[in-house]
Each structure stands twice: as structure tokens, then as C-alpha cells.
Amino acid sequence: MQEIRDLVRAAAEKARQETSEEPEPKFTGTVEFPVDCAVGRGLEGAIATDTKIGYVNGTKGWLVYRGYEIFDLAQFSTFEETSYLLLYGKLPTSSELAAFDKKLKEYRNVPASVIQVLKEMPIKDTHPMSALRTAVSFLGNLDGTADDTSVEAEREVSIKLIALFPALAGAVARLRKGQEPVQPKGDHTLAQTLLYTMTGKEPDELNARLMDINLILHADHGMNASTFTTMVCNSSLSDMYGSVVAGIASLKGPLHGGANEQVLYTLEEIGSEGNVEPWYEKARAEKRKIMGMGHRVYKAYDPRARILGPLAAALCEDHPEVAEIYKIAVKLEKIVTDQLGAEKKIFPNVDYYSGIVYRAMGIETAMFTPIFAVSRVSGWTARALEYLETNRIFRPRAIYTGPVAAEYVPIEKR
Ligand SMILES: CC(C)(COP(=O)(O)OP(=O)(O)OC[C@H]1O[C@@H](n2cnc3c(N)ncnc32)[C@H](O)[C@@H]1OP(=O)(O)O)[C@@H](O)C(=O)NCCC(=O)NCCS
């Protein structure tokens, strides 16, 4: 397989050549009620807060964490370093990273009682995201510091969650298959821990790096639904475990993180390159959304898909089992972008090619979204913490369109 860094560098170069600038947003100051504003359904266009954590430039198709381009982080960083960057606002020095890493290793083992809870549920028939959601909720019950809502205490809980998620997802993956969970071991990174605890096998260097890149790419992404959900929950001064549980529930949906597994089901449903066109025509006639395509913010090619597409292509060289699925994906992409790209600005998003990469790594489709959660927990917690520093409860309003003077009719007269 071609050198991963070369592939990411080439993706960055292509992005640079194909992008256009986004106008700067203008802030109008404080809001007095009643307001006259243009906020679309689904809060489209609404500004929830200001942030220094990350920037999604939808016109340019550009993603930045704390000022650093995703293309640079994917080439040179690690998920541990990226998580530190998101949480603390700067790249760590060697000693800061070593101390952070030491903590991650201290906190990474899943308590036996959490494994027991997972075993109590009908885990083979439970979506892994639902299993993860319950496990994190239970973890909160085990942590005596959970109700301390100071920034410092919540930061520590955030580190615990980032540390625990890989082995938790790993335990869910194994229990689903009727296998006993394995605990993290040795000097494994978070990416290696995820792979090891899912498979029970020592991950090779290529798979470990691919997983690390995937975790970097999914770590943060503006006010997406699950991040906003986490922040809304935390803004009532609830607790970080509960807020992350809310984030997991939101990420599960097929319009959000759940799209990555839906993409694979779609490609399997299409079945062959020859069937792409008729499938697409039928899907359009039925007004079906093409999973892994389109985005509320990106009106250009998602930079994460720019990286994952070429990685999927390169993996096909050594993984003939994904080559057909990849060819179907490429053909569908071409049809969708030819037909909807210019008019509706529909391009592949992060979920379009990530599943093919995971499939080549031998990962079960139902585990794709939990892997997303393993990564995104760093963005959820970083943003919830940043907001907590100057917290004000989130509380938008709705425009009431119902009646106002309905006469109450006693039940026997209705
Ligand atoms: C991501 C997504 C939820 C954004 O939703 P949104 O901002 O509310 O966008 P809308 O649903 O209003 O779409 C705007 C237009 O583009 C079309 N469109 C958007 N995504 C589309 C898709 N994946 N396939 C086909 N058409 C799509 C819509 O039908 C709509 O067309 P219309 O104006 O004729 O009604 C949406 O693009 C989608 O459902 N994508 C598939 C799921 C997915 O990949 N999610 C992961 C996102 S990272």
C-alpha cells in the first residue's frame, strides 16, 4: 500500500486547488426579545455560541482543530495528542503528553460491574450504540466525583471517558459475538487498544495507524447534533457522564453518525457496479437520501472524505474483498455529484468512505458508529468544558403556531 502520509498530503493538495473562500460571519451583539431573525428548521444558520475549539468552513471544505488543519493532524499527530489539543487548547510538550498518556492508561480498564451490565442485556440483539449508552450511564453511577460540576472535576471525567471508550467499545464488540472481553494491555495507544479489545489480537502497524487517523478525523466537528446535545445537557449543570450519554444517543441516528453503517448497507444493497444507475434512479424516485452524502454545513467536498476516499482506494490493493464495494461507491459518488453536486451541493461526507476502510480492517459494520463515538467523545467533552467555563443554560424558543383560546370541554361532552 502507498505511504499513508503521501496519500493524505495529496488529498490536502487537491483540497487546496479546489476550494473557494467563505465570507466571515458577522456578530450583531446581544438579542432583545421579540426577535426577527432567519433561523431555519433544525436551527439552520443559528449561532449557538462562540468557540476556539474548531472551525468547519463549509464553503471551502476545510476543517481546523484549534487552528491546525485536519490534513496536518492526519499526517503528523496522534489521537492522544489531538485529544489533548482539543481539551487544553494547545499542542502538548513531550512531558505534558507523557503525563496525559499516563492518565489515559490508568483510566482505560472497564470495571467488571460494567461488563456484567453488558452481559445482562440481550447484547446480540442490542445496537452497539445502545449498549455503549447504557454502559456509560452505569460508569457514571460508579464514579463518586460524577456530580462535581466544577470545570476541573469535569475535565478529569472527560479524560476518564476518552480513556475508557476504546475498551468499552471493544467489550461490546466481543460480547455481541459471544466472546469474553479482554482488558487493554501494555503500551498500546488508544487506537491499538480499540483494535486489540475488539479482536483480542495484536493489531499490526498499518491497521493501528489507519485507526489512529480515523480517530483524529472524527474527533470534533462544530455544532453537530451530538456535540450540541452534549452541550445542552451539560449546560443545565447536569453531569459529564449524563451529557455524554445524551451525545451517544444523538450520534446513533442514521442522519448523523449512524450514516457510516448505513452506507455499507446501501452499497451491499446495490450489489454490483452494473446496478448503480438503476438503483440510483429508483432511490431518487422514492426520494431516498443517499447515505454518506450531503451535509448541513459543507457545501463542498468534506475534507475528511478527501482523506478517507484515497485510503479506501489504497486498501483495495491488498483487500480484494472490499474492491467491489469500493467500485460501487465510486460510481455512485460520480452519479450523485454529477446530478446533485452543482445544484444541491451534495458531496460525500466523512461517513461515505470510512466504512470501506473499516471493512478492509475486518471490522463488523454494526461497530462503525461506536468507533465514531470513541473518537467524538474528545470533541463532545472539550466543547462541553469550554462552554462550562462561562456557562449559561441553553434555552431557545419555538414560535407557537397553535390555538390560544380553546374552550375546555369536559370529557363526557367530547
Ligand atoms: C446530512 C443531512 C442530514 C443534512 O440535512 P439538511 O441540512 O437538513 O439538508 P436537507 O435534508 O434540507 O437537504 C437539502 C436538499 O438536498 C437534498 N439532499 C440532502 N442530502 C441528500 C442526500 N444524502 N441524498 C439526496 N439528496 C439529499 C435534500 O433532499 C434537499 O433537497 P430539496 O431542497 O429538493 O428538498 C442530509 O444531507 C442527509 O440526510 N444525508 C444523508 C445522511 C448522512 O450522510 N448523514 C451524515 C452527515 S455527516
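Ala, Val, Leu, Ile, Met, Phe, Trp, Tyr, Cys and Pro count here as nonpolar, Asp, Glu, Lys and Arg as charged, and the others, Gly among them, as polar. On that basis, the shell around the ligand in this predicted model consists of 8 nonpolar, 5 polar and 5 charged residues.

**Ligand site**

In total, 18 residues surround the ligand, and the closest are Ile290, Gly292, Met293, Arg296 and Lys344. The ligand lies between two domains, because domain 1 (4-259 + 361-389) and domain 2 (260-360) both contribute residues to the shell.

| Residue | Protein atom | Ligand atom | Distance |
|---|---|---|---|
| Gly292 | backbone N or O | oxygen | 2.8 Å |
| Met293 | polar backbone atom | nitrogen | 2.8 Å |
| Lys344 | side-chain N or O | oxygen | 2.6 Å |

Taken alone, the ligand exposes 850 Å², of which the protein buries 68%.

**Cysteines**

A disulfide is a covalent bond between the sulfur atoms of two cysteines. A search of the whole structure finds 0 disulfides. Cys316 has a relative accessible area of 13%; buried means under 20%, so Cys316 is buried. Cys233 has a relative accessible area of 22%, which falls between the 20% and 50% cut-offs, so Cys233 is partly exposed.

How values were computed: Residues are numbered from 1 along each chain as its sequence is written. This is a predicted model: local features need pLDDT of at least 70, side-chain atom pairs count only at pLDDT 80 or more; totals for chains, interfaces and linings use all residues. Side-chain values use heavy atoms; hydrogens and water are left out. A residue is near a molecule or strand if one of its heavy atoms lies within 4 Å of it. A polar contact is a pair of N or O atoms within 3.5 Å; within protein, one must be able to donate a hydrogen and the other to accept it, and residues adjacent in sequence count only if both atoms are side-chain atoms. Accessible areas come from the Shrake-Rupley method with a 1.4 Å probe; for residues, only the protein chains shown count as cover. Domain bounds come from an automatic or database domain assignment. A disulfide is a pair of cysteine sulfur atoms within 2.5 Å. Buried means under 20% relative accessible area, exposed over 50%, partly exposed in between (1.4 Å probe, protein chains only).
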